[in-house]
Amino acid sequence: MTDLELQQLVATISMHDFHRPFQHRAYFNARLRTTGGRYQLASHDIDINPKMLTDFDEATLIGVIKHELCHYHLHLLGMDYHHRSKEFKALLTQV
């Protein structure tokens, strides 16, 4: 999967599961070692560890994307996007 294909997958998941567009960048970042993905607060981009594609199944990759999209959409809506917040836990359970 290329970065462009990842970008399209993230945009599709965002519209299908969150009913909101993903308007920033999604790309593979080989420097990620201990995490599946990362939402960047300053740029609103999403980095995905390429090992999520090579070492795990597609369901795991999609789960990581949904997790990062929860941070993304809550942050852009001005809501609490942290792991421990009730908003984050509710949205993650919903999707």
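Me: What makes the three strands here an open sheet, and in which order do they stand?
Reply: Three strands form an open sheet in the order β1-β3-β2, with mixed pairing. β1 (26–28) and β2 (37–39) are at the edges with a single partner strand each, so one side of each has no neighbour in the sheet. The twist averages 15 degrees from one strand to the next. Strands here are DSSP runs of E with at least two residues, helices are runs of H or I with at least four, and both are numbered from the N terminus.

This is a predicted model, where local features need pLDDT of at least 70, side-chain atom pairs count only at pLDDT 80 or more, and totals for chains, interfaces and linings use all residues. Residues are numbered from 1 along each chain as its sequence is written, and side-chain values use heavy atoms, leaving out hydrogens and water.

Me: How do you know that β1 pairs with β3?
Reply: Two strands pair if DSSP finds at least two bridges between them. Three bridges join β1 to β3 (residues 46–48), and these strands run parallel. One of the partners to look for is Asp-47 in β3, bridged to Tyr-27.

Me: Why is the pair of Phe-22 and Tyr-72 called tilted?
Reply: Good one! Rings of Phe, Tyr and Trp (its six-membered ring) pair if their centres lie within 6.5 Å; planes under 30 degrees apart are stacked, over 60 edge-to-face, and the rest tilted. Phe-22 and Tyr-72 have ring centres 4.8 Å apart and planes at 55 degrees, so the pair is tilted. Phe-22 is in the loop between α1 and β1 and Tyr-72 in helix α3, so the pair ties together parts 50 residues apart in sequence.

Me: And why is the pair of Tyr-39 and Tyr-72 called edge-to-face?
Reply: Its ring centres are 5.9 Å apart and its planes stand at 90 degrees, so this pair is edge-to-face. Phe-22, Tyr-39 and Tyr-72 form one aromatic cluster.

Me: Are Tyr-39 and Tyr-72 buried or exposed?
Reply: Both Tyr-39 and Tyr-72 are buried. The word stands for under 20% relative accessible area, with exposed over 50% and partly exposed in between (1.4 Å probe, protein chains only).

Me: What makes the span of α3 close to the expected one?
Reply: The expected span is 1.5 Å times one less than the number of residues. With 19 residues, α3 reaches 27 Å from its first C-alpha to its last, close to the expected 27 Å.

Technical notes. Axes are lines fitted to C-alpha atoms, for helices over the stretch in contact, and angles run from 0 to 180 degrees between N-to-C directions.
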